[in-house]
Amino acid sequence: ITSGNAYYSFDSPEELDKLRKEYEARKETFIYNAAVRDKLHNSLTLSHAETEKRLASGQPYVIRFKFNPQEEIVMNDLIRGEVRVQAATLDDKVLFKSDGMPTYHLANVTDDYLMKISHVIRGEEWLPSLPLHVALYKAFGWEKSMPEFAHLPLILKPDGKGKLSKRDGDKGGFPVFPLEWKDPETGEKSSGYREAGYFPEATVNILAFLGWNPGTEQEIFSLPELAEIFSLEKVGKSGSKFDPDKAKWYNHQYLQMKSDAELAKMFAEILKNKGQETYDTQKLLRITGLVKERATFVKDLWDHADFFFEKPGVYDPEVVKKRWNSQVSEQMNQLLGFLENCEDFTSHALEIKVKGFIEEKGFGTGQVMNAWRLCMVGTSKGPGLFDISEILGKEEVVMRIRDAIRQIG
C-alpha cells in the first residue's frame with residue numbers, strides 16, 4: 001500500500017453484485033480494474049482523511065493489488081516459454097480479505113520467497129494467476145529471488161474429455177489417490193494406489209509418463225534413472241489422457257522384475273489371511289515362480305494358484321461340457337491306474353511317462369491333458385500340468401482324479 005502497488009477497497013458485496021448484474025445485462029463481464037476502480041469506493045478515489053476515518057470506524061474492507069494498465073507483464077514458463085499479458089486485461093485481485101486472512105495469492109508468494117523456493121511446478125489451471133504472482137514479486141522488490149515457473153498439462157479422463165477427478169476413478173474402477181482417502185465431510189471413500197496393490201515404483205513410473213516423454217522407446221525407469229534423465233523441457237503442453245490399462249501394465253512389469261523369493265514373502269501374507277498357514281516354503285517359492293507371469297498385482301497370485309492349496313470343490317460347468325464325456329471318464333480311470341504305479345513323480349519324468357502312456361493307448365493328447373487339468377484345478381487355468389502334479393505330489397494327484405471321476409460322473 002505504501003509503495004502504491006495495492007489499495008483499500010470498501011465496496012460492499014451487495015454493491016459489487018449489483019454491478020456484475022448490470023454488466024451481465026449488457027452481455028459484458030465485470031472486472032475490478034483500472035477501467036472502473038476510479039468510480040468505486042476505495043483509497044484511490046477517497047481522500048486520505050476519509051480512508052483513515054473508514055478504517056478507524058471498523059468498516060469492512062479488502063486490499064486489492066493495483067495493476068498498471070500501461071504495463072505489459074512478461075513471464076517465462078519452463079514448459080510454455082515466454083508468456084506476455086497486458087495488465088489492462090487483468091483483475092485487481094484481492095490480496096487481503098475482509099476477515100483479516102490473506103488470499104492464496106499473497107500467502108503463496110510470501111511463503112515461497114521466505115522459504116527460498118527455486119521452482120514452482122503446478123497444474124496449468126494456475127497459469128492465469130502467474131501474472132499476479134510475477135507482479136507481486138516485483139512489487140515487493142523480490143524480483144531477483146523469483147522462482148522459475150512450470151505449468152504442467154492436466155491429467156485428463158480416459159476418454160480425453162475433461163480433467164480427471166476422483167469420481168472418474170470410482171466410476172471406472174481405478175484409483176486416483178495415492179492412498180485410500182475418506183472425505184471428512186461426506187464420509188465417502190476413494191480408493192488409493194497402495195490399497196489397490198500398485199507398487200510405489202510402478203506408481204512413480206506411471207506419473208512420470210503422464211505428460212512427459214524421454215524421447216526414446218524406453219518406458220520402464222527406476223527413480224534414480226528418472227532423476228538422471230527427467231527434464232521439464234520434455235514435458236508436453238497438451239493434456240495427457242490417463243489410461244487405466246497402461247497403469248496396470250506398468251505394475252505387471254514391476255511385478256515380473258521382482259524375485260520369486262520377494263514375491264513369495266508377499267504371497268505368504270495373502271495365504272495367512274486365507275487361513276493357509278501351513279505350507280512348504282520351497283514349494284511356495286516354486287508356485288510363485290510358476291504363476292507370477294499371469295499376475296498384475298500380488299493379490300492375483302492367489303487367483304492363479306489357489307488350487308495348489310485347496311482341492312476343487314466344484315468343476316467349471318462350461319469346461320465339463322466341453323471336455324468331459326463317458327470316453328474321457330474311462331481314459332481318466334486308466335490314467336489313474338497308471339499314475340498310481342509311477343514311482344518318479346518329478347515334472348520331467350512324469351511328462352515322458354504320461355506322453356508314452358497316451359501314445360501307447362492311442363488316446364488324444366489334448367483330450368487327456370484337458371480332462372486331467374480339470375481334475376487337478378477344477379477349470380482350464382493354471383501353469384504346466386506336470387509342474388502342478390509334481391508340486392501336489394502323487395497322493396494328492398491320485399485323490400483329485402478319483403474325486404473328479406466320482407463327482408463329474
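## Helix 9

At the start of helix 9, the backbone nitrogen of Asp-245 has a side-chain oxygen of Asp-243 within 3.0 Å. Helices here are DSSP runs of H or I with at least four residues, strands are E runs of at least two, and both are numbered from the N terminus. This is a predicted model, in which local features need pLDDT of at least 70, side-chain atom pairs count only at pLDDT 80 or more, and totals for chains, interfaces and linings use all residues. Residues are numbered from 1 along each chain as its sequence is written, and side-chain values use heavy atoms, leaving out hydrogens and water.

Buried residues (under 20% relative accessible area, 1.4 Å probe, protein chains only) in helix 9 include Pro-244, Ala-247, Tyr-250 and Tyr-254. Helix 7 (200-208) and helix 10 (260-273) are among the elements that cover the buried residues of helix 9.

## Nonpolar cores

A nonpolar core is a set of buried Ala, Val, Leu, Ile, Met, Phe, Trp, Tyr and Cys residues joined through side-chain atoms within 4.5 Å. The largest one has 55 residues, and Ile-401 and Trp-372 are among those with the most contacts inside it. Helix 16 (residues 365-377) gives the largest share of this core, 8 residues. A second, separate core has 24 residues, including Leu-46 and Phe-65.

## The whole protein

The protein has 18 helices and 11 strands. Its C-alpha trace spans about 110 × 45 × 40 Å along the principal axes. Buried residues make up 41% of the 409 residues.

How values were computed:
Buried < 20%, exposed > 50% of the residue type's maximum accessible area, 1.4 Å probe, protein only. Contact = heavy atoms within 4.5 Å. Polar contact = N/O pair within 3.5 Å; in protein donor to acceptor, adjacent residues only side chain to side chain.
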